[in-house]
Amino acid sequence: MPSNNSTSRRTARRRATRSADKRIASLVTREVVKLIPQIVAQVHSLSNSRTPEDVKTEPAFLYKHFKACDPMPFTGEGGVSQLLQWFDAIEVTLRQSGCPEDFQTTCATGVFQSRALDWWAAERNKRGMVAAYALSWTELKKLMKEEYYPPHELQKLEGEFWQIKQDKGDNASYTARFKQLSVICPSQVDAPKKAIAKYIRGLPECVGDFVEAAKPASIEEAYQLATEVNDKRVLSGFFSANPVTQARQAIIIDSSGESTNGSSNDSHENFSRDSSDGSSGNSSKDSSDDASSGSLDEASDDTASSRQTQPNRKRKEPSVEEIPKPEPLRSVPVPAKRAYNGSHPQCLRCTYHHPTGAGCRYCAYCNKYGHLTWNCHFGPQH
């Protein structure tokens, strides 16, 4: 019996302890719930009580930030192409500088010069300062197109686009102009197949045939193929006026060592032939004069028959035939000088440019081409 009583007492104490713990926990929970709103209010009051120096704010956008990106100026000259190029350049600068939308018109008009500046001053006076700078970038572009994009200029560009062709091997300029005109006159290239066909028509035949045979699927692929084929044609000398391979094949050296091709050689030979004929005629005339003077001397003097004829002391001029001819060039050298921009062809003998019917400038003193004897710096007169 005593053991049962002790067990019951221990169980009663445990139950009392548990009930006391539950009451304490419930009291703590109620107090915490009451304090949470106060804690949240204190946290908000502390966050709002910070000084302005503690709050980090972004700096305001200024015009100097836009100017630091080196925007492209606009003068109002150069036509539609210049206007579209300026639009593209200034939009890139506006994005790079981080210019806000309400400040884009102010920044863009700040780079106006010359005629464009006069036009913008007239617009400000007409609309008012506040209303003019309140225009959006889209509205400003529309006004500028109306001013610098007149209908007659558009007609000129459309006519140019109809007849555009590549100039020899300059494919880069042709492609760049084709892209510009495609933006200005989109009605002529409104379909991909139409744009590809129009681009191929403007290419040279030696390039356009390859591009057309490749059947490009897009205009960008046509640009790439045309550039590759055109570069190969330029490297092979197809567009050159005097290709090196053709010039070497045109020179033929015969057994006598003289060039048999070229109008300049013929003219030089004709000049030599005429000069030699003139010198022979002069020599025969001199001999006849000597003979007549000798007969007169014999008639006046009886002893002239026994006297030995004195040699003619008259100095003879050297004939052209006696001048040694230099060996003709077997290949066309590449002179290290500026490129020739004239209209005369390059001579295959002297490698200089002169009219086809004129002879080569050849110096008989130093045996060099490029100047005549009386212009030689090493001649007897110097």
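This is a short walk through the structure, from the whole chain to single residues. The model is predicted, so to speak of local features a pLDDT of at least 70 is needed, side-chain atom pairs count only at pLDDT 80 or more, and totals for chains, interfaces and linings use all residues. Residues are numbered from 1 along each chain as its sequence is written, and side-chain values use heavy atoms, with hydrogens and water left out.

Start with the whole. The protein has 14 helices and two strands. Helices are DSSP runs of H or I with at least four residues, strands are runs of E with at least two, and both are numbered from the N terminus. The protein has 382 residues, and 25% of them count as buried. Buried means under 20% relative accessible area, exposed means over 50%, and partly exposed lies in between (1.4 Å probe, protein chains only). The accessible surface is about 27,200 Å², with 54% belonging to carbon and sulfur atoms. Such areas come from the Shrake-Rupley method with a 1.4 Å probe; for residues, only the protein chains shown count as cover.

Now look at helix α1, residues 2–48, which holds Arg13. Arg13 belongs to a positive surface patch with Arg9, Arg10, Arg14, Arg15, Arg18 and Lys22. Val32 also lies in helix α1. Val32 is part of a nonpolar surface patch with Ile24, Val28, Ile36 and Val40, and together they have about 420 Å² of accessible area. Val32 itself is partly exposed, at 43% relative accessible area. Patch residues have over 30% relative accessible area and no salt bridge; like charges are joined within 9 Å, nonpolar side chains (Val, Leu, Ile, Met, Phe, Trp, Tyr) within 5 Å. A salt bridge puts a side-chain nitrogen of Lys or Arg within 4 Å of a carboxyl oxygen of Asp or Glu.

Next, go to buried positions. In helix α10 (residues 192–201), the buried residues are Ala195, Ile196, Lys198, Tyr199 and Ile200. Their cover includes α8 (151–162), α9 (171–184), α11 (205–214) and α12 (219–235). Thr105 sits in helix α4, residues 104–109. Thr105 is buried, with 1% relative accessibility. Beyond its neighbours within four places in sequence, Thr105 has contacts that include Trp120, Tyr133 and Trp137. Contact means heavy atoms within 4.5 Å.

Finally, turn to two loops. Asp70 lies between α2 (63–67) and α3 (79–97). Asp70 is not a glycine, yet its phi is positive, about 55°. Asp70 is exposed, at 65% relative accessible area. Thr351 lies in the loop between α14 (263–300) and β1 (362–363). Its phi is also positive, near 65°. Thr351 is buried, at 11% relative accessible area.

Technical notes: Lys and Arg count as positive and Asp and Glu as negative; His and the chain ends are not counted. The place of a charge is taken as NZ of Lys, CZ of Arg, CG of Asp or CD of Glu.
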